[in-house]
Amino acid sequence: MFILGIDPGIAITGYAILQKTNDSIVVIASGAIKTSKNKSEHERLAELFDDICVLINKFKPNVAVIEQLFYFKNLKTIIPVAEARGAIVAALTKNHILIKEYTPLQVKQTITGYGRASKTQVKQMTEMILNCKMPKLDDTVDAIAIALCHLRHI
């Protein structure tokens, strides 16, 4: 089973492909889709849509897991993140990929046992669970963690 984890954003979208076999979970690929600030928001959303389609075609995931928006302190970021999330969901739906959603609180609770865990704590526990070093970029780590969260719920 291949799981595509996604941490949505207009500037940076983290992604991870995890493979679950009978007795192990392996990070197959991870990284970030970075859109250019020099492009219009419409062009950035189209680029994000296209890049998600490329990931789907390359890895053929069985399910995609995406962070659910539930609360933002900064109202200036909520709209672009929601639009990015919409482009991602459209790409997944167009390619007939099953979509599962979890809030950041659910991910933290599942990975660390504490819903208010810090990013550092999530990263450390994810490293321990998967027995591998995590990337430096928080968006990529978040994508790995959300995919792992789903695997712990199935």
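Reader: Where is His96 found?
Author: His96 is found in the loop between helix 2 (75–94) and strand 5 (98–102), where helices (H or I, at least four residues) and strands (E, at least two) are DSSP runs, numbered from the N terminus. This is a predicted model, in which local features need pLDDT of at least 70 and side-chain atom pairs count only at pLDDT 80 or more, while totals for chains, interfaces and linings use all residues. Residues are numbered from 1 along each chain as its sequence is written, and side-chain values use heavy atoms, with hydrogens and water left out.

Reader: Is His96 buried or exposed, and what about its phi?
Author: His96 counts as exposed, at 75% relative accessibility; the cut-offs are under 20% relative accessible area for buried, over 50% for exposed and partly exposed in between, with a 1.4 Å probe and protein chains only. The phi of His96 is positive, about 60°, although His96 is not a glycine.

Reader: Ok, and which loop holds Asn131?
Author: Asn131 is in the loop between helix 4 and helix 5. Asn131 is not a glycine either, and has a positive phi of about 55°, and with a relative accessible area of 70% Asn131 is exposed.

Reader: Switching to the sheet, what is the order of the strands?
Author: The order is 3-2-1-4-5, in an open sheet of five strands with mixed pairing, where two strands pair if DSSP finds at least two bridges between them. Strand 3 (25–34) and strand 5 stand at the edges with a single partner strand each, so one side of each has no neighbour in the sheet. Neighbouring strands of this sheet are turned against each other by 20° on average, direction ignored; here axes are lines fitted to C-alpha atoms, for helices over the stretch in contact, and angles run from 0 to 180 degrees between N-to-C directions.

Reader: How does strand 1 run against strand 2, and how many bridges join them?
Author: Strand 1 and strand 2 (residues 12–20) run antiparallel and are joined by six bridges, with Gly5 standing opposite Ala16 in strand 2. A hairpin leads from strand 1 to strand 2 through four residues.

Reader: And what about strand 1 and strand 4?
Author: Strand 1 and strand 4 (residues 63–67) run parallel, joined by four bridges, and Leu4 stands opposite Ala64 in strand 4. Strand 4 also pairs with strand 5 in the parallel sense, over five bridges, and there Val63 stands opposite Leu98.

Reader: How many residues of strand 1 are buried?
Author: Five of the six residues of strand 1 (residues 2–7) are buried, so strand 1 is largely enclosed by the rest of the structure.

Reader: Which strands does helix 1 lie across?
Author: Helix 1 (residues 41–59) lies across strand 1, strand 2 and strand 3, and runs at about 160° to strand 3.

Reader: What does Ile88 touch?
Author: Ile88, which is in helix 2, touches Ile6, Pro8, Thr13, Leu48, Ile52 and Ile66, not counting residues up to four places away in sequence, where contact means heavy atoms within 4.5 Å. Ile88 and Ile66 are 22 residues apart along the chain, and their C-alpha atoms are separated by 8.9 Å. At 0% relative accessibility, Ile88 counts as buried.

Reader: And His150, buried or exposed?
Author: His150, in helix 5, is buried, with a relative accessible area of 5%. Leaving out residues up to four places away in sequence, His150 touches Val63, Val65, Lys100 and Tyr102.

Reader: At what angle do helix 3 and helix 5 pack?
Author: Helix 3 (residues 104–112) and helix 5 (residues 138–153) pack at an angle of about 70°, with their axes 9 Å apart. That makes helix 3 roughly perpendicular to helix 5, as angles under 35 degrees count as roughly parallel, over 145 as roughly antiparallel, 65 to 115 as roughly perpendicular and the rest as oblique.

Reader: Which residues make that contact?
Author: Helix 3 contributes Gln106, Val107, Thr110 and Ile111, and helix 5 contributes Ala145, Ile146, Leu148, Cys149, Arg152 and His153.

Reader: How do helix 3 and helix 4 cross?
Author: The axes of helix 3 and helix 4 (residues 119–130) come within 9 Å and cross at roughly 50°, which makes helix 3 oblique to helix 4. In this contact Lys108, Ile111 and Thr112 of helix 3 meet Gln121, Val122, Met125, Thr126 and Ile129 of helix 4.
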